Amino acid sequence: MNIKNFIQSIQNTFNPLKEELELKDEVVLKFLRVLENAREEELSCGEMYARLDQFVESEVQAKDADKITPLIQEHLNMCPECCEEYEALLAILKNTREG
């Protein structure tokens with residue numbers, strides 16, 4: 001299946017009652033550019049560690065950290081090593097505040 005057919009099948013899934021529309025090549029190219037830009041917005045583990053302290057501090061203070069910095073939450077969902085670091089830091093901060 002090529003990209004154009006794949007996008008067409010997705011479009012038909014979300015709009016089952018509408019008649020099928022033929023995708024133009026420029027629409028497919030724009031979609032591919034959107035995907036490339038989304039990939040560039042991913043955080044590396046190094047960038048994640050640089051922001052993790054602030055993220056955890058916001059979470060401990062109940063400031064909806066995942067809404068403020070969604071890329072960090074997305075990275076945590078995909079990276080077990082960073083998630084482990086996050087959970088350890090969160091536990092330490094919560095224990096020091098309670099004690």
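User: Which residues touch the most other members of the largest nonpolar core?

Analyst: This is a predicted model, and the largest nonpolar core in it has 13 residues. Two or more residues of this core come from each of helix H3 (45-60), helix H5 (70-78) and H6. The members that touch the most others are Met48, Leu52, Phe55, Val56, Ile72, Leu76 and Tyr86.

User: Leaving aside its neighbours within four places in sequence, which residues is Met48 in contact with?

Analyst: Met48 is among the core residues that touch the most other members, and a contact here requires heavy atoms within 4.5 Å. Once the neighbours within four places in sequence are set aside, the residues in contact with Met48 are Leu43, Ile72, His75, Leu76 and Cys82.

User: Why is the pair formed by the rings of Phe55 and Tyr86 called tilted?

Analyst: The structure holds one aromatic pair. Its rings, those of Phe55 and Tyr86, have centres 5.9 Å apart. Planes under 30 degrees apart would count as stacked and those over 60 as edge-to-face, so with its planes at 55 degrees the pair is tilted.

User: How many residues apart are Phe55 and Tyr86, the two members of the pair?

Analyst: Phe55 lies in helix H3, whereas Tyr86 lies in helix H6, and the pair therefore links distant parts of the chain. Both Phe55 and Tyr86 are buried.

User: Is Glu81 buried or exposed?

Analyst: Glu81 has its place in helix H6, which covers residues 80-98, and its C-alpha atom is separated by 8.7 Å from that of Cys45, 36 residues apart along the chain. The relative accessibility of Glu81 is 52%, and a residue has to be over 50% to be given the label in question. Glu81 therefore counts as exposed.

User: What percentage of the residues in the protein is buried?

Analyst: The protein has six helices and zero strands, and its accessible surface comes to about 7800 Å², of which 53% belongs to carbon and sulfur atoms. A residue is called buried when its relative accessible area is under 20%. Among the 99 residues in the protein, the buried ones make up 19%.

Terms used: Residues numbered from 1 in each chain as written. Predicted model: local features only at pLDDT ≥ 70, side-chain atom pairs only at ≥ 80, totals over all residues. Heavy atoms only, no water. Helix = DSSP H or I, 4+ residues; strand = E, 2+ residues; numbered from the N terminus. Buried < 20%, exposed > 50% of the residue type's maximum accessible area, 1.4 Å probe, protein only. Areas by Shrake-Rupley, 256 points an atom, 1.4 Å probe, with all protein chains shown as cover. Core = buried A, V, L, I, M, F, W, Y, C linked by side-chain atoms within 4.5 Å. Phe/Tyr/Trp six-rings, centres within 6.5 Å; stacked < 30°, edge-to-face > 60°.
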